[in-house]
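Colleague: I am new to this structure. Could you take me through it?

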Amino acid sequence: MQSANEIWVSIKASLFEKNCLDEMQLRPGASESELIGLETKLGVVLPDLLKQMLMIHDGQDGFGLLFGNQMLSTAEILRQWQGWREIEADGMNEDCAEFMEASPPGVVKPMYTNARWIPLTHDGGGNHMGLDFDPDAGGAEGQMIAFGTDEDTKYLLARTFDDFVAKALEWIQQSRWNDGDLQSMADDGFAPPAILRSISG
């Protein structure tokens, strides 16, 4: 696996070629103390690669970089997570239990929300790609999943954060900048993107 710096160099080179680097509005890096504070409040130990990447660019303020989703900053990760804790306290897990599914079955817990699901991206509509630190029996702690307001089916996206980043880099490199969006020719309009679905069938 490439280092965080090498990954960002590759991502920015690809975005520069597509004339959309500035539109991503990558933020300056987070401090080590900010990351320690985030982990303390979330109650988890984040993957080393994620922390290293956030220390180079603490998310973004522009157009969606990761499969059309905006990469969250440390502050936004915590804010979104806290918002879900309020939803959890309102009893949404109980209210929505009969509608929840997982793909593949037995890998992600079929819940509406979970305090150990950590959002790393946002689509602007309440849906996320993030880390799962409370997997179902067939899953692995730290796997990447899709969850959120519209995600009745909780999808496994990658077995590890490192695998997710490798797929994200491949997707960015093969995508085109089109009217304010990065779009991959391999995508078919369904979520999650095709490149992330091979593990979920």
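Predicted model: local features only at pLDDT ≥ 70, side-chain atom pairs only at ≥ 80, totals over all residues.

Colleague: How many of the 201 residues are buried, as a percentage?

Modeller: Buried residues are 51% of the 201 residues in the chain.

Colleague: Which helices and strands are there, in number?

Modeller: There are 8 helices and 9 strands in the chain. The radius of gyration is 16 Å, close to the 17 Å that the globule rule gives for 201 residues, so the chain is as compact as a globular protein of that length. The C-alpha trace spans about 45 × 40 × 30 Å along its principal axes.

Colleague: Let us turn to α1. What is its extent, from first C-alpha to last?

Modeller: Helix α1 covers residues 4–17, which is 14 residues. Its span is 20 Å, close to the 20 Å expected at 1.5 Å a residue.

Colleague: Which residues of α1 are buried?

Modeller: They are A4, I7, W8, S10, I11, S14 and L15. These residues cover an arc of only 160° around the axis, so they lie on the same side of α1.

Colleague: Why would such spacing put residues on one side?

Modeller: An α-helix has 3.6 residues a turn, so residues three or four places apart point the same way.

Colleague: And the other side of α1: which residues are exposed there?

Modeller: F16 and E17 are exposed on that other side.

Colleague: What covers the buried residues of α1?

Modeller: The cover includes the helices α2 (21–24), α4 (48–56) and α7 (161–174), together with the strands β1 (70–71) and β9 (181–184).

Technical notes. Residues numbered from 1 in each chain as written. Heavy atoms only, no water. Helix = DSSP H or I, 4+ residues; strand = E, 2+ residues; numbered from the N terminus. Expected span 1.5 Å × (residues − 1). Buried < 20%, exposed > 50% of the residue type's maximum accessible area, 1.4 Å probe, protein only. Arc of directions from axis to C-beta. Contact = heavy atoms within 4.5 Å. Rg over C-alpha atoms; globule rule 2.2 N^0.38 Å.
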